[in-house]
Amino acid sequence: MNELILEGVVRSISEPKTFETKDGQNHVERELLVETEEMYPQTCAVRTVDAVAMQTYVPGMRVRCHLQLRAAQAKQSGKWFNDIKAWRVEML
């Protein structure tokens, strides 16, 4: 898959959320709302596991997010869900 990059302005950053993974590790993540800077701006929700580094980011900052797309199927309903994760976020 080609590298997916999203550039835009941070509109909001969620508080860190901590949960336990299947293997018993603690996992911390945040959600960013990033608005693109094009003729018809789009706002995208992106999850990141880099919660410590995200403490330096604030709404209004321009960022570049390197994305990873994932999909999973719910066991009971069979419905599919997409997940967008930023494995790296850079200030512009």
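Me: Is R64 buried, exposed or partly exposed?
Reply: This is a predicted model, where local features need pLDDT of at least 70, side-chain atom pairs count only at pLDDT 80 or more, and totals for chains, interfaces and linings use all residues. Residues are numbered from 1 along each chain as its sequence is written, and side-chain values use heavy atoms, with hydrogens and water left out. Buried means under 20% relative accessible area, exposed over 50%, and partly exposed in between (1.4 Å probe, protein chains only). R64 has 25% relative accessibility, so R64 counts as partly exposed.

Me: Which residue forms a salt bridge with R64, with the closest N and O atoms 2.6 Å apart?
Reply: A salt bridge is a side-chain nitrogen of Lys or Arg within 4 Å of a carboxyl oxygen of Asp or Glu. The closest N and O atoms of this pair are 2.6 Å apart, and the partner of R64 is E7.

Me: How many residues apart in sequence are the parts that E7 and R64 tie together?
Reply: Strands and helices here are DSSP runs, numbered from the N terminus (E, at least two residues, for strands; H or I, at least four, for helices). E7 lies in strand β1 (residues 4–13), and R64 in strand β5 (residues 62–73). The pair therefore ties together parts whose separation in sequence is 57 residues.

Me: Which residues are linked with E7 and R64 in a network of salt bridges?
Reply: E7 itself is partly exposed, at 34% relative accessibility. The network holds E7 and R64, and its other members are R88 and E90.

Me: How many salt bridges does a search of the whole structure find?
Reply: One of them joins R11 and E35, at 3.4 Å from N to O. R11 lies in strand β1 and E35 in strand β3 (residues 26–35), so this pair ties together parts 24 residues apart in sequence. R11 is partly exposed at 43%, and E35 is partly exposed at 23%. The search of the whole structure finds 7.

Me: Which strands hold D83 and R47?
Reply: The side chains of D83 and R47 meet in a salt bridge, 2.4 Å from N to O. The two residues are 36 apart in sequence. D83 is in β6 (residues 80–91), and R47 is in β4 (residues 43–48).

Me: How many bridges join β4 to β6?
Reply: Two strands pair if DSSP finds at least two bridges between them. T48 stands opposite A86 in β6. The strands β4 and β6 run parallel, and the number of bridges is 2.

Me: In what sense do β3 and β4 pair?
Reply: L32 is found in β3, and L32 stands opposite V46 in β4. The pairing of β3 and β4 spans 6 bridges, and its sense is antiparallel.

Me: Is L32 buried or exposed?
Reply: Contact means heavy atoms within 4.5 Å. Not counting residues up to four places away in sequence, L32 touches V10, S12, I13, C44, A45, V46, M54, C65 and V89. The relative accessibility of L32 is 0%, so L32 counts as buried.

Me: How many disulfides does the structure hold?
Reply: A disulfide is a pair of cysteine sulfur atoms within 2.5 Å. The structure's total is 0. For C44, the nearest cysteine sulfur is that of C65, 9.1 Å away, and C44 is in no disulfide. C44 is partly exposed at 25%, whereas C65 is buried at 0%. The number of disulfides is 0.

Me: Which residue's backbone nitrogen lies 2.8 Å from a polar atom of the side chain of S14?
Reply: S14 is placed in the loop between β1 and β2 (17–20). Leaving aside neighbours within four places in sequence, S14 is in contact with R30 and E31. The backbone nitrogen at 2.8 Å from the S14 side chain belongs to E31.

Me: How far apart in space are N82 and A71, C-alpha to C-alpha?
Reply: N82 lies in strand β6 and counts as exposed, at 71% relative accessibility. N82 touches R70 and A71, not counting residues up to four places away in sequence. N82 and A71 are 11 residues apart in sequence, and their C-alpha separation is 4.4 Å.

Methods: Polar contact = N/O pair within 3.5 Å; in protein donor to acceptor, adjacent residues only side chain to side chain.
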